[in-house]
Amino acid sequence: MTEIATFPQLHIPNTIAAGPGPGNTDARVLARFANAGLADHMHPDVLRGMVECKEMLRKVMGTDNVHTFGVAGTGWSGLDMMFSAVMPGDKVVMFVNGTFSGIDGLTVRMKAATAEELAENSLDPQTDNVVVINVPHGESVTGEIVEAALAEHKPKWAAMSHWETGSGRVNDVQGFSDACERHGAMGLVDAVSSLGVGDFSIDDYPGVHGWASCPQKGICCLPLTYAPVSFSDHYIETLRATGTRTFCHHPILEARHWGIIDGNDVEKGTYHRTHSAYAVSAFHEALRLCLEQGIARRAADYAFHEAALRDCVEAMGCQVTSNMPSLVVLNLPETMAGREMELVQHCRAQNFGIWPTLSAPVQVRIGILNLLSEAAITDIVTRFAQAIRDLGGSVDQSRVDAVLRQHYSAAIAAE
Ligand SMILES: *Cc1c(COP(=O)(O)O)cnc(C)c1O
């Protein structure tokens, strides 16, 4: 028998996580993760922590929905649970304007396809009952687009990304909700990149019956924790009537561990799966942090710092095509067109973690999740300008400096 080699201990460097996500996990969250005691998933303090998380999450999401809790895993885990109510044969209209809503579309086709359709092309099933409305990369889904599609197709479900992180576009959730109400469709929204960044209350959108987010972006809680979800009573009744073929991601069953049983809050949860005391503790701290800072304050900070970053890259000659407050998506100056991927790789090699777009056209994405300070934005801008120079481009540094000064000295004056 050959001996199995032992690998050296894994070291992962610290990078500047200036991409679309994951965001920079707050030191307070990491400390709770590392310092929680080992307690099993039915320990009273773990169960109490989960109930408190559930209550804080309702505040963060702005909802009275009883079925509001976290799904263990990443954004896709929450989305998989949200889409679990979509059953084979259901009529669905999907609005797709980038990478992530495109994958949501795939998820829904997998769930809504009949067994025969799924077997026909199991990794990319095609089914007539899912209508995909494609909106070009770089454009937003508008209320008019949603209205026209729902009026024509009259689906049971309609789904959209709130903010499409692939192209950095904010979609019209008000128009989406209104159209859903008018046409009796149940709206489902991928709020993975908006929760904890934007200032909104999900109860203001009564046409939307299911919401799913993630731990790693606006909530700043990457240590694999919980994807927030929230479901209206109407969603839960609909799901209860049809059922769904999942135990793990079953919205009614999983809610039990968070102390939600038969549509009511109960004092403590019952076993669904083995939750981690470390994860509960980290998630709890991330939500506390969110509420201490306040959703409105955070949203204002994102908008302020995004504007500074946007103006700086425009001063370098880049063209910004996004309108998301946590992310700038751009084309390089004319003279460097087509070198976006090369520039991103150059930056990433220096642990300056910016991103390309994941679907065509290739653009640069720079994110500011939990990087809300003059120092952090100045660092990003300085590194990005240097990368352009390293590739042979030129940057008018005095113009960039003037933009930074203008944004940040005005802020100091305002305080
Ligand atoms: C990041 C993202 C996802 C995927 O989230 P994971 O945490 O990687 O699973 C899905 N939808 C949107 C809109 C996203 O931004």
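Mentor: What follows is a close look at the surroundings of the ligand. Please keep in mind that this is a predicted model, in which local features need pLDDT of at least 70 and side-chain atom pairs count only at pLDDT 80 or more, while totals for chains, interfaces and linings use all residues. Residues are numbered from 1 along each chain as its sequence is written, and side-chain values use heavy atoms, with hydrogens and water left out.

Around the ligand there are 13 residues, of which T74, G75, T165, D190 and K217 are the closest; a residue is counted here if one of its heavy atoms lies within 4 Å of the molecule. This shell divides into five nonpolar, six polar and two charged residues, where Ala, Val, Leu, Ile, Met, Phe, Trp, Tyr, Cys and Pro count as nonpolar, Asp, Glu, Lys and Arg as charged, and the others, Gly among them, as polar. Helix α3, residues 75-82, gives the most to the shell, with three residues; helices are DSSP runs of H or I with at least four residues, numbered from the N terminus.

Turning to polar contacts, which are pairs of N or O atoms within 3.5 Å, a polar side-chain atom of T165 lies 2.4 Å from an oxygen atom of the ligand, and for T74 the corresponding distance is 2.7 Å. In the side chain of Q216, an N or O atom is 3.0 Å from a ligand oxygen atom. The protein covers 91% of the 380 Å² of accessible area that the ligand has on its own, areas that come from the Shrake-Rupley method with a 1.4 Å probe.

Conventions:
A polar contact is a pair of N or O atoms within 3.5 Å; within protein, one must be able to donate a hydrogen and the other to accept it, and residues adjacent in sequence count only if both atoms are side-chain atoms. Helices (H or I, at least four residues) and strands (E, at least two) are DSSP runs, numbered from the N terminus.
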